[in-house]
Amino acid sequence: MFTQSPLKTNGSHSSHLPFGDQRTAPWYGQDILSVKQFTVADLQYIFEVAHEMREMVARVGTFDLLKGKILANLFYEPSTRTSSSFTAAMERLGGSVIPISEVKYSSVSKGESLPDTVRTLECYADVIVLRHPEKGASAIAAQYARKPIINAGDGVGEHPTQALLDMFTIIEELGNPNTPITAELDGLTVTMLGDLKYGRTVHSLARLLAMFNVKLNYVSPDILRMPEEIIAEIREKGITQTEYTSLDAALPETDVLYVTRVQKERFADLDEYESVRNAFIISPETLQAAKQRMIVMHPLPRVGEITMEVDEDPRAAYFRQMEYGLYVRMALLAMVLGKA
Ligand code: CP
């Protein structure tokens, strides 16, 4: 039987919290495991804090909001953006980081279990950021951990902090300043393209967008369609979803084209991967059929599905998207550690 730490509040603020006024901070001491845990009001709050973080970084670079706090970055799968942006976020807030990005050099290689590894790291850190190849691994880690777990990608499951930064990107790029979040997102058509079966970023983003009055298009090879359980979940919210095997019909109405990589590492059969790896390639010619006011996003890394010539197009938002991730992760760390 798992017992929950007094540090984990799950919405009801504990009387055992060690820091006076921090007990009133939203999300203090809580896990971030899935986008399903957020309300529209939460999103509005996170993005307001992220916006402030952006301004603070521009103004002073680094500041001491989380001085003395330690983050453990535990990555069982490769990462460039998520790992380094959490490190940068913590360091910009004055905290420090225990990096475990090569688990083969940790006691995991001796057979140490995930529960024992998180129990170890929480002795030294205030928050654990976890990426793991198995769906549900972060939820399991959270059952054992007393300190907050942040899901940085659990196999083909979810990538909630990516979805938050993706939504923040859409708002910053296409929204109007000082308007409610619903006004910024309602009415948008978001087209997700590529590997929708294994792509955890699109699983999380589709769920998050379904909280608003958006239209979702899914463009993929037949074997990489959006999973039926996610389509059903979103259908229940009354969202219009349309599936395509070609981008042609969906592109002209698209406000956000969210491109994803076909993930070789998820295929058991490499011939199957080869049959779909180049199914979609976005080039400047492709974008001639797109609106002038729209954006192209990608969680990255890309492996050929957007040509480098597209980078010069102002609608290419994927490098700016990475930077927005820093501010959103700064906001999340400040919230979870009670300083937002
Ligand atoms: N978007 C994303 O998760 O990138 P990394 O795999 O580099 O962290």
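## Helix 2 against helix 11

Helix 2, which spans residues 81–92, and helix 11, which spans residues 318–336, have axes that come within 8 Å of each other and cross at roughly 55°. Because of that angle, helix 2 counts as oblique to helix 11, and the crossing by which helix 2 passes helix 11 is right-handed. This description, like everything that follows, refers to a predicted model.

On the side of helix 2, the residues that meet helix 11 are Arg 81, Thr 82, Ser 85, Phe 86, Ala 88, Ala 89, Met 90 and Arg 92, and their partners in helix 11 are Met 322, Leu 326, Arg 329, Met 330 and Leu 333. Sorted by class, the contact of helix 2 with helix 11 has eight nonpolar residues, two polar ones and three charged ones.

The domain assignment of the protein gives domain 1 in two segments, 35–158 and 325–336, and domain 2 as residues 160–323. The C-alpha centres of domain 1 and domain 2 lie 24 Å apart, and 33 residues of domain 1 are in contact with 30 residues of domain 2.

Between them, domain 1 and domain 2 bury about 2,700 Å², with 62% of this area on carbon and sulfur atoms. Within domain 1, the residues that lose the most area to domain 2 are Val 35, Phe 47 and Arg 81, which together account for 24% of what that side buries.

## Helix 5 and its two partners

Helix 5, residues 160–174, packs with helix 7, residues 200–209, at an angle of about 55°, and their axes are 8 Å apart. This angle is the reason why helix 5 is described as oblique to helix 7, and the crossing of these two helices is right-handed. From helix 5 the contact draws on Pro 160, Gln 162, Ala 163, Leu 164, Asp 166, Met 167 and Ile 170, while helix 7 contributes Thr 201, Ser 204, Leu 205, Leu 208 and Leu 209. The residues where helix 5 contacts helix 7 divide into eight nonpolar, three polar and one charged.

With helix 11, helix 5 has a crossing of roughly 115°, at which the two axes come within 8 Å, and this crossing is right-handed. The contact is made on the helix 5 side by Thr 161, Gln 162, Leu 164, Leu 165, Asp 166, Phe 168, Thr 169, Glu 172 and Glu 173, and on the helix 11 side by Arg 320, Gln 321, Tyr 324, Gly 325, Tyr 327, Val 328, Arg 329 and Leu 332. By class, the contact of helix 5 with helix 11 has seven nonpolar, five polar and five charged residues.

Leu 300 and Pro 301 are joined by a cis peptide bond, for which omega is about 10°. Pro 301 is found in the loop between strand 9, residues 295–297, and helix 11, and Leu 300 is likewise found in the loop between strand 9 and helix 11. Although Leu 300 is not a glycine, its phi is positive, at about 65°.

Conventions:
Residues are numbered from 1 along each chain as its sequence is written. This is a predicted model: local features need pLDDT of at least 70, side-chain atom pairs count only at pLDDT 80 or more; totals for chains, interfaces and linings use all residues. Side-chain values use heavy atoms; hydrogens and water are left out. Axes are lines fitted to C-alpha atoms, for helices over the stretch in contact, and angles run from 0 to 180 degrees between N-to-C directions. Helices (H or I, at least four residues) and strands (E, at least two) are DSSP runs, numbered from the N terminus. Angles under 35 degrees count as roughly parallel, over 145 as roughly antiparallel, 65 to 115 as roughly perpendicular and the rest as oblique. A crossing is left-handed if the near helix is turned anticlockwise from the far one by less than a right angle, and right-handed if clockwise. Contact means heavy atoms within 4.5 Å. Ala, Val, Leu, Ile, Met, Phe, Trp, Tyr, Cys and Pro count as nonpolar, Asp, Glu, Lys and Arg as charged, and the others, Gly among them, as polar. Domain bounds come from an automatic or database domain assignment. Buried area is the accessible area (1.4 Å probe) that two parts lose on being put together, summed over both.
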